[in-house]
Amino acid sequence: MDTIQFILNGMMREALSPQTAAVAIAVIGLNIHFGFTGLLNMGQSGFMLLGAYGFAISIWHGLPMIVGVLFGFGAAFIFALVLGAPTLKLRGDYLAIVTISAAEIIRYVGRSALLVDFTGSAQGIPGSQYRTPFANLSFFGSGQFTLIPFNYTDVADGAAWVRIIGWLVAIAVIVLIVLRFRSGGAFRGIAQAAGMVGLLVFGLLLLFFLFPVPQQSTGVNGWWVRFVAWILVAVSTLVVYLLVRSPWGRLLRGIREDEDAVRSLGKNVFSIKMQALIIGGLFGALGGIVYVLPASVQPDSMGRSLTFFCYTALLLGGAATIFGPVLGSVLFFAARIGIKYTAAAYVPDSIMNNQQTEQFSYIVVGVALMLIVIFRPQGILGNKRELRFNV
Amino acid sequence: MSDHMTQPAVGAMADPAARLALTSGFEATPGATKPDAILRVDNIVRQFGGMTAVDVQHLEVQRGLITALIGPNGAGKTTFFNLITGFDKPTTAGKGAHWEFDGRTIDKTSASSVARSGMVRTFQLTKALSAMTVIDNMMLGAQDQAGENLFKSMFRGTWGKQEKENEAKADELLARFKLLEKKHDYAGSLSGGQRKLLEMARALMSDPKMIMLDEPMAGVNPALTQSLLGHIQNLRDEGMTVLFVEHDMHVVRHISDWVAVMAEGRLVAEGSADTVMSDPAVIDAYLGAHHDTDLGDDALLTDEALEELAEEVAAEDAVRQAEEEAEGPK
Amino acid sequence: MKSRHVVRERSVARGVAGLILALLLAPVLAMISSGAANAVDTLCLPSPDKGCIAGTIRTEDGPLADVKLTITDEAGTATEVTTSDTGKWNFQADTEGTYVVKVDESSLPKDLDVATGTVTVVTKFGVTKPGLLTIRTANYSDSTSKADELVQSTVNGLRLGLLLALASVGLSLIYGTTGLSNFAHAEQVTLGGILGYFLINQHGLGLWFGGLVVVLLCAFTGWFQDRVLWQPLRRRGLGLTQMMIVTIGLSLALQYVYQYTVGARTVRVVQDNPSVRSIGPVTITNQSIVAMVISVIVLAAVGYALLRTRIGRATRAVSDNPALASASGIDTDRVIRLVWIVAMGLAGLSGLLYALVTNGIKWDSGLQILLLLFAAVTLGGLGTAFGALVGAIVIGLVVELSPVLGMPGDFKYATALLILILLLLVRPQGLLGKPQRIG
């Protein structure tokens, strides 16, 4: 029981972590590229790294935080422009090759010893160099708290049956929410929307009740950065929702399917694709900034693997859906930690040592990515008829 | 749907006499000058490797009429279409290649600008966006949408009203093409003929001056062919110019006011359907493409013989299409 | 029709299940077969609460054994380490911080100059930091002529290019015949090196015989992959983008299977150090010469097969136009199966030679060169086997020559990728590709 509680607590911590939120934002951007427009951007980690560098280097060199954010966005904007201009007129796989190569170039340049004063070369930039202005904005005060003070230990001394019932209810609520999203009209009509919001809030409270995670209030990796990160996820989701339900979003979907058809209707396909590349890239940069807030800027931690994780999260949640990126990212990180902890707890060390549980969890990630794409390309929330891979 | 919506407006060209006036009084030679040309093409050449696919010295398309561009398989009709609509670039670009639409030079204009200038095309292999609904397909056709601007798109207030107007227009067109009950279906669920209709209706959303149809009858069942032909005539009667590509002369005869014939990339004949079909150059062109078809002297001109030819061509086309499709992403 | 579809689904499911089982079991099998793998070396392995400092003491003549080094931490505690027979030394740091590494000059052989005798290293948990000390023979001259350097780098570039070519010809053939960009191709390269480590280093197979077995095993994985995964997926009509993402998943899984079995360290195929010879201004190991000769012979054989044999012509026909090839009676499935077998065999050979030439292979060695492979294939023209060959040589030369020609050394991979991007701008079809309408 305690082992299970430990594993689930770990999953909850990981699901809530600011880095999960950061990847969710980057995946929201990737969803605009790949999900809605069909652009095969294989360099989302490059956008993230540029955002992180722009932010961290500016603050490290004494510029105000807002300028840092703008530099991060500016770098990603120029990156998108430079990559898009030559490739968006070519076949889709050229964009893939160019973006993945360019992202690697950014990483190689970032870790170059020549730029040690700017990027800190391979060591990166320690978080302490740029974190302070952000932490100073916090109105959470200092100290440590658990999100809701009332948790399972307060009911019947945290007996097993309390938790088991709680877990079952939580699973039921999550399944219900997913089903409502899949049916499409989750927010159609005021009553529906209110019910949905109620269900979401109840689900969250229930999770906090079952898995109390104490964190520092502000600190390096505390509630403050989590709060801001998840607010940004919510705002990003809202922006994408507004964008894709509009005629502009309709254009993206048209281009995803057949750009010649859209061109024949008098639309400037190149310009729309460029806009999509830029918007998605800006989300990538924002994700990158959030990604490094609780950590440090490490070029090698933002390489191709991170892009591939983004794709896994996107396809898991469902490409071309509004909530897919968020759901996918949360599930991706929570499940990976769950697998790791479970393997550590139940597989004897002689078969799988501690380090190997980490690697095992990534093997499962790779296999899961293959399975999703083969058997459920629309992911959890997607609509099979709408989602085609026609790049 | 009320009646006035399904009945198209009637323009001057609904009158056969008016059409006749525009197609007579000048010599019907290849590249003939028309009384009021909407499209003028000069010196357009496209080569693939060493092979010349298109080499047209001069062609004019008369405003307000249905012009058919026919020719045997491989005559370069579709390539010609691609060139003038900006989907392909001529090999001679900058060396005298010139074409203008409605008085505006468009030889260096992108495909999307050509469409915006009022010349909208459809494709031989239908490009209905099958993972989108019929209405979304239609809405894509509307021009100058405020909501297609990235910044305005987030604020429904800036485009909501226009969206409603466009939707009403789309409903009207869908009703006319008998697709209204499929409005919320995915385009992928439509039959081949319905997709052709949808593609045509979508092109009409932009109120074009001229509509260019690439083999609109290919792969459509005979019953729907009649209705398609009727729609094309209606468009002309409303005042629109129609240029369409077809390899089947038989189909062309009924509806076209003017026929231009291409063979091996060149324009070999022009004239009314009947005169063109008795033109030795045309017979040569069709025979030249089918050496193995012995049709006798006059046999070529019988409907049966033409049908036979058309079937052969269609079979060849089908093979070619299959190959093109199998080639994967373009 | 429907039942056929169901059967197809089932066969895909069975194939995929087989593959997954193989993937998940691979670590366990490898563990059993390797047995003593972890006991062999006494290297410092970084972990979440340990950092490492490591280096090699050598002159331009070779490594120096039994040299003493003193390592002092921030608190002033000094530790002494001694270099091994291969001149290697390492140190385990239990705290993160600054360490000073100093060479004990009295422990050095005579007639040596110490160019850098002291170095400061900042350790971090979970990583090995290099401690670079420079020792030279007294008659060392710093001024190797630019021309000599150029010749040496050209030879190195050719060597890298040939190794890349072995792998990228296969990548290109797969792209040509199936349209698939195989992101897991690089992991096949790693597989060649890792299998070489297990068979030759661990199980003592002879280098030549073991090498042959490695190539055959890798070729078998090609057959196996196509049988259980790619062919069922093709039959199922999976889109190319979807298939590409499947290869990404496979690549991730394989990378961590390797890391699971051999860890994050570099493993070597042969234990002894290669002998070096000098030809004019060029210094090169015997292994490199043999590797280059093997590459040239194998590439020539592949080229001959493509041009002259029936099956080779069939392969090119499928590359040109699968539907037409199929219509003219070529069994495309058989051709593709063969292409997978050959491509994986070549990639394995490339990995084995790479491990021999560069003195070892790591779980992510393939990942390091993946982009160079893609660059080679794209540079030459997507899907043209001979283009890939030319592209690989060009990329190899660019990587090795760019530092000589003034690019900073850590930009050499970036330079290759930059050249790729620039070339795509002017000539999207690649060097040898046929111009075709795009967009």
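A salt bridge is taken here as a side-chain nitrogen of Lys or Arg within 4 Å of a carboxyl oxygen of Asp or Glu. In this predicted model, the side chains of B:K127 and A:D258 form such a bridge, with an N to O distance of 3.2 Å. Four salt bridges are found across the interface of chain A and chain B.

The interface was then described as a whole. On the chain A side, 30 residues are in contact with 33 residues of chain B. About 3,000 Å² is buried between the two chains. Carbon and sulfur atoms give 60% of that area. Polar contacts between chain A and chain B number 13 residue pairs, with both residues at pLDDT 80 or more. Four helices of chain A each supply at least two residues of the side that touches chain B: helix 10 (223-244), helix 11 (247-257), helix 12 (259-264) and helix 13 (269-292). Helix 11 gives the most, with seven residues. By class, the side of chain A that touches chain B has 12 charged, 11 nonpolar and seven polar residues.

Aromatic pairs were examined next. The whole structure holds 26 of them over all chains. One of these joins A:F140 and A:W224. The ring centres are 5.6 Å apart and the planes stand at 65°. Angles over 60 degrees count as edge-to-face, so this pair is edge-to-face. A:F140 lies in the loop between helix 7 (132-136) and strand 1 (144-146) of chain A, whereas A:W224 lies in helix 10 of chain A. The pair therefore ties together parts that are 84 residues apart in sequence. Helix 10 is also among the helices that supply residues to the side of chain A touching chain B. The two partners were also assigned by accessibility. A:W224 is buried, with a relative accessible area of 7%. A:F140, at 24% relative accessibility, counts as partly exposed.

A second pair is formed by A:F309 and A:F332. Here the centres lie 5.5 Å apart, the planes make an angle of 40°, and the pair is tilted. A:F309 sits in helix 14 (residues 304-317) of chain A and A:F332 in helix 15 (residues 324-346) of chain A. The pair thus links parts of the chain 23 residues apart. Both A:F309 and A:F332 are buried.

These two residues also belong to an aromatic cluster.

Key. Residues numbered from 1 in each chain as written. Chains lettered and ligands numbered in written order. Predicted model: local features only at pLDDT ≥ 70, side-chain atom pairs only at ≥ 80, totals over all residues. Heavy atoms only, no water. Contact = heavy atoms within 4.5 Å. Buried area = accessible area lost by both parts, 1.4 Å probe. Polar contact = N/O pair within 3.5 Å; in protein donor to acceptor, adjacent residues only side chain to side chain. Nonpolar A, V, L, I, M, F, W, Y, C, P; charged D, E, K, R; others polar. Phe/Tyr/Trp six-rings, centres within 6.5 Å; stacked < 30°, edge-to-face > 60°. Buried < 20%, exposed > 50% of the residue type's maximum accessible area, 1.4 Å probe, protein only.
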